[in-house]
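Please look over the sequence and the model first, and then read the short report that follows.

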Amino acid sequence: MVIQGFTHDVVVVGASVAGCAAAILFARSGLTVALVERDPDPAAYKRLCTHYIQSSALPVLERLGLDRAIEACGGVRNRLDLHTRWGWIREGEAAPGHPGHGYNLRRSRLDPLLRARAATTPGIELLAGHTATGLGREGGRVAWLSVRDRQGSERTLRGRLHVGADGRASPVARLAGIEARQTENARFFYYAAYRGLDPNGGRSRMWMGEAGISYTFPNEDGLTIAATTLPKALLPDFKADPEAALARTLAALPDGPNLTAAERVGPVMGFVDMPNQGRAAAVPGLALVGDAALSVDPVWGTGCAFALRSAEWLVAATADALLARGPVDRALRSYARRHRRTLAGHAWHIASYARGRRWWLPERIMFEAAALDPHHAGRLFAYASRNIGLTEFMAPTALARAAATVLRTRLAGRRRRLGPRIEAV
Ligand SMILES: Cc1cc2nc3c(=O)[nH]c(=O)nc-3n(C[C@H](O)[C@H](O)[C@H](O)COP(=O)(O)OP(=O)(O)OC[C@H]3O[C@@H](n4cnc5c(N)ncnc54)[C@H](O)[C@@H]3O)c2cc1C
């Protein structure tokens, strides 16, 4: 099928975190955008999410003006207390390379907020209740998408650029024949929201071990999300009574919360199989953002930040070429490179932990050093919040400095222990 002329500069499929952010930023650059969303309900939201938005997304949220809107909805500025077997590590205030906080806000608030912001942004045509069902190429490039409304009427949207922001399953990527690469996740995941849990001064808490990870995230309206991820061998036991098993697991942690003393709000949610998954972030005429490009183990709470940031990178790479009405595929390749360069190390590290392995020696050193010294704690949180990458975090000099901190402290401890004996001799 050949359709004459462009209907929009950019056609974005999916009006959730990644799609709304991309659409708003494209439109603010002066481009026209079709934003296609299969759900007709303006209040629709993603249900499977514990909505810890990492601080690495703060600059994008500020650009979108959403930081103030999130705070107006009661969004909690998130900072983390992290427990490992070396003790508690406390995330501090803003530091170089670390904006200091992200937000905890339920998706039932965040998603409608984003969609309303997109719907009122000049230049965006929001096609709610439209599903992308077809895709066509011309000259080797993705040249148009077809969408169907709920009455069954078809419409063809032809853009200079097409964007799949349609989530992990990404029908658009499937239509374009972009394959997903997957690696095993050896753990399952359960969570629920509670009212009446100790809010820990608004600070999120995470207990990290080799077997699994648990956390509590205080949210707006006095709610706290409690979650755990554990090896699949424990699943039959857990599934027999997920609510009791979740409570048991968290109560057994150092300073762990007592869920049975709080009121559960909403269902206990869980899923048993979520491989880590990635796709090429761009092919000629089409870019993927958010989960469509990369969807990793949710326990790290990276998905929303990766969605917001990848949307921003795409607009930064392509807006000028689109405004100049010139070719955009070179700009698309530059977006894909930035996506890979920034996120591949995180994705690799997350996927390797998801296999259920033991901690590696460098990881043990970094955790121990972080528990001993605020400098190392700062670097650990800069990495965990994805403000710095794996190669910077694990740089040989940083590792050597962390190892020196650990050794010095251990030797000092040993000397203290031996001291009285030496005196006695
Ligand atoms: C259990 C769990 C917990 C999580 N916890 C966290 C967390 O604490 N912090 C965090 O940052 N991330 C978390 N995530 C990940 C996070 O939810 C995702 O990374 C994030 O929602 C990705 O946003 P997105 O916009 O790319 O995709 P989605 O939010 O999945 O949105 C895709 C959109 O595309 C639309 N769509 C799909 N197909 C079509 C079509 N054919 N036509 C039109 N529209 C279509 C959908 O209706 C939807 O609106 C969690 C995920 C899970 C599963």
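## Terms and source

A residue is near a molecule or strand if one of its heavy atoms lies within 4 Å of it. The model is predicted, and local features need pLDDT of at least 70, side-chain atom pairs count only at pLDDT 80 or more, while totals for chains, interfaces and linings use all residues. Residues are numbered from 1 along each chain as its sequence is written, and side-chain values use heavy atoms, with hydrogens and water left out.

## Residues around the ligand

Around the ligand there are 34 residues, of which Ser16, Glu37, Thr50, Asp291 and Cys304 come nearest. The shell divides into 17 nonpolar, eleven polar and six charged residues, where Ala, Val, Leu, Ile, Met, Phe, Trp, Tyr, Cys and Pro count as nonpolar, Asp, Glu, Lys and Arg as charged, and the others, Gly among them, as polar.

Domain 1 (8–51 + 106–182 + 276–347) and domain 2 (187–271) both contribute residues to this shell, so the ligand lies between them; the domain bounds come from an automatic or database domain assignment.

## Polar contacts and cover

A polar contact is a pair of N or O atoms within 3.5 Å; within protein, one must be able to donate a hydrogen and the other to accept it, and residues adjacent in sequence count only if both atoms are side-chain atoms. An oxygen atom of the ligand is 2.6 Å from an N or O atom in the side chain of Asp291, and an oxygen atom of the ligand is 3.3 Å from a polar backbone atom of Gly303. The protein covers 93% of the 1,000 Å² of accessible area that the ligand has on its own, as found by the Shrake-Rupley method with a 1.4 Å probe, where for residues only the protein chains shown count as cover.
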